[in-house]
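Student: I have a protein chain to look at and would like to work through its fold step by step. Can we go by question and answer?

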Amino acid sequence: MKSLKFNSNWSVSITETPELNCIEPDDVVIDVGVCGICGTDVGIISGDYSVAVEGVTLGHETSGIVSKIGSGVTLFKPGDRVVVNPTYSCGVCRMCNIGNPNHCEAKAGTEAGVSYDGAFATQYRSKQKFLLKLHVTASHYRQHL
């Protein structure tokens, strides 16, 4: 698959990388449909967001279609349309409990596309608890305008 890798300041490259698979029971592989560019991405490339890890796949504002699920996934099936929450959190620490999961005390990195591989790629791997299923189709939406 193709992915956009951050090499260093002002240096990115489209790279051929292996197809993703589920590693943990709660993993979900998503075929990326869209991935937005935000200020974080611009800051990483320009060097203004210095916590980014060189070699990481950029991108974190994404949605797509579930293609693979781990053995413990119960909330999704292949073909489901999903939106990704790119900021992992534990859900039990003090910061999570006061409504600030983006400042989770237990997370090992910052977020997808910064400290671990993100979604400027053909596929993205997430945990099921960080996905939201999209139920409304475009035709259903138009009928209710």
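Tutor: What follows is a set of questions on a predicted model, starting with the sheet.

Student: In what order do the strands of the open sheet stand?
Tutor: The open sheet is formed by 5 strands, and the pairing is antiparallel. From one strand to the next the twist averages 45 degrees. Read across the sheet, the order is β6-β3-β4-β5-β7.

Student: Which strands stand at the edges, and why is one side of each left without a neighbour?
Tutor: An edge strand here has a single partner strand, so one of its sides has no neighbour in the sheet. The strands in that position are β6 (123–127) and β7 (131–133).

Student: How many bridges join β3 to β6?
Tutor: The two strands run antiparallel. Another is D27, which stands opposite K127. The number of bridges joining β3 to β6 is 5.

Student: Over how many bridges does β3 pair with β4?
Tutor: Strand β4 covers residues 61–69, and its pairing with β3 is antiparallel. V28 takes part here too, with I69 as its bridge partner in β4. The pairing of β3 and β4 runs over 8 bridges.

Student: Which residue in β5 is the bridge partner of S63?
Tutor: Strand β5 covers residues 81–84 and runs antiparallel to β4. The two are joined by 3 bridges. In β5, the partner of S63 is V83.

Student: Is D27 buried or exposed?
Tutor: D27 lies in strand β3. Residues in contact with D27, beyond four places in sequence, are C22, K68, I69, G70, V73, R125, S126 and K127. Its relative accessible area is 3%, and the limit for burial is under 20%, so D27 is buried.

Student: Which residue has a side chain joined to that of D27 by a polar contact?
Tutor: The side chain of D27 also has a polar atom 2.8 Å from a backbone nitrogen, that of I23. The contact asked for is between two side chains, with a distance of 2.7 Å. The partner of D27 in that contact is K127.

Student: Which side chain makes a polar contact with the side chain of E111?
Tutor: E111 lies in the loop between α2 (94–97) and β6. At 13% relative accessibility, E111 is buried. Its contacts beyond four places in sequence are T40, H60, P86, T87 and Y116. The polar contact, at 3.0 Å, is with the side chain of T87.

Student: How many residues make up the largest nonpolar core?
Tutor: Its members include V28, I30, V66, F76, V82, V84, Y124 and L131. Strands β3 and β5 each supply at least two of its residues. Apart from it lies another core, of 7 residues, with F6, I44, L58 and V114 among them. The largest nonpolar core has 11 residues.

Student: Which residues of helix α1 are buried?
Tutor: Helix α1 spans residues 39–46. Its buried residues are covered by elements including β1 (2–8) and β3 (27–36). Just after the helix, G47 takes a positive phi of about 95 degrees. The buried residues of α1 are T40, D41, G43, I44 and S46.

Student: How many disulfides does the count come to?
Tutor: The limit is again a pair of cysteine sulfur atoms within 2.5 Å. C35 is in no disulfide, since the nearest cysteine sulfur, in C38, is 8.7 Å away. The count of disulfides is 0.

Definitions and conventions. Residues are numbered from 1 along each chain as its sequence is written. This is a predicted model: local features need pLDDT of at least 70, side-chain atom pairs count only at pLDDT 80 or more; totals for chains, interfaces and linings use all residues. Side-chain values use heavy atoms; hydrogens and water are left out. Buried means under 20% relative accessible area, exposed over 50%, partly exposed in between (1.4 Å probe, protein chains only). Helices (H or I, at least four residues) and strands (E, at least two) are DSSP runs, numbered from the N terminus. Contact means heavy atoms within 4.5 Å. Two strands pair if DSSP finds at least two bridges between them. A polar contact is a pair of N or O atoms within 3.5 Å; within protein, one must be able to donate a hydrogen and the other to accept it, and residues adjacent in sequence count only if both atoms are side-chain atoms. Axes are lines fitted to C-alpha atoms, for helices over the stretch in contact, and angles run from 0 to 180 degrees between N-to-C directions. A nonpolar core is a set of buried Ala, Val, Leu, Ile, Met, Phe, Trp, Tyr and Cys residues joined through side-chain atoms within 4.5 Å.
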